[in-house]
Amino acid sequence: TERTLGDFRGKVVVVNFGYTNCPDVCPMTLANLASARRKLGDDGKDVQVLFVTVDPQRDTPQVLAQYVPAFDPTFIGLTGSPDDVARTSKSFHVYANARPAKPGEAYMVDHSAQMFAFDRQGRVRLVFAPDLPPDAIASDLRILLNG
């Protein structure tokens with residue numbers, strides 16, 4: 001099913017790019033987003049996190065459906081064809097490049113790790129650094145929720 005930001009109009013949406021085999025930044029970012037959403041209490045129901053893979057070869061819909069909701073059951077993982085993923089990444093000015101692996105090792109994907117926050121009307125309003133602590137994320141999301 002193709003998804004667009006318009007599908008989530010009325011919610012504050014956070015778009016994050018990454019991949020499930022990422023050893024550090026991606027799981028930390030998703031954990032911080034989950035913590036921030038919890039800190040919002042009942043208002044967290046109006047926040048939608050979308051995790052867009054930069055590794056569509058390995059991150060199938062099934063893989064994403066297991067990995068992403070493990071951080072928060074409301075989080076949605078998105079993938080597509082390599083062309084779809086490249087086009088989406090480019091539209092967000094996100095860099096992603098698979099690094100050749102040594103024989104017998106899994107390849108890594110270098111990628112931009114910032115998060116994009118959209119207001120309820122679907123306008124991009126904030127770009128978060130990947131290491132922003134949950135309290136700061138929650139504070140900024142609360143401003144968008146109340147704006």
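**Exercise 1. Find how many aromatic pairs the whole structure holds, and classify the pair of Phe17 and Phe116.**

A search of the whole structure finds six aromatic pairs, where rings of Phe, Tyr and Trp (its six-membered ring) pair if their centres lie within 6.5 Å, and planes under 30 degrees apart count as stacked, over 60 as edge-to-face and the rest as tilted. Phe17 and Phe116 have a centre-to-centre distance of 6.4 Å and 90° between their planes, so this aromatic pair is edge-to-face. Because Phe17 belongs to strand S1 (residues 12-18) and Phe116 to strand S6 (residues 115-118), the pair ties together parts 99 residues apart in sequence; strands here are DSSP runs of E, at least two residues long, numbered from the N terminus.

The model is a predicted one, in which local features need pLDDT of at least 70 and side-chain atom pairs count only at pLDDT 80 or more, while totals for chains, interfaces and linings use all residues. Residues are numbered from 1 along each chain as its sequence is written, and side-chain values use heavy atoms, with hydrogens and water left out.

**Exercise 2. Decide whether Phe17 and Phe116 are buried or exposed.**

Buried means under 20% relative accessible area, exposed over 50%, and partly exposed in between (1.4 Å probe, protein chains only). Phe17 has a relative accessible area of 1% and is buried, and Phe116, at 8%, counts as buried as well.

**Exercise 3. Classify the pair of Tyr67 and Phe71.**

The ring centres of Tyr67 and Phe71 are 5.3 Å apart with their planes at 70°, so the pair is edge-to-face. Tyr67 is buried at 18% relative accessible area, whereas Phe71 is partly exposed at 23%.

Technical notes
Helix = DSSP H or I, 4+ residues; strand = E, 2+ residues; numbered from the N terminus.
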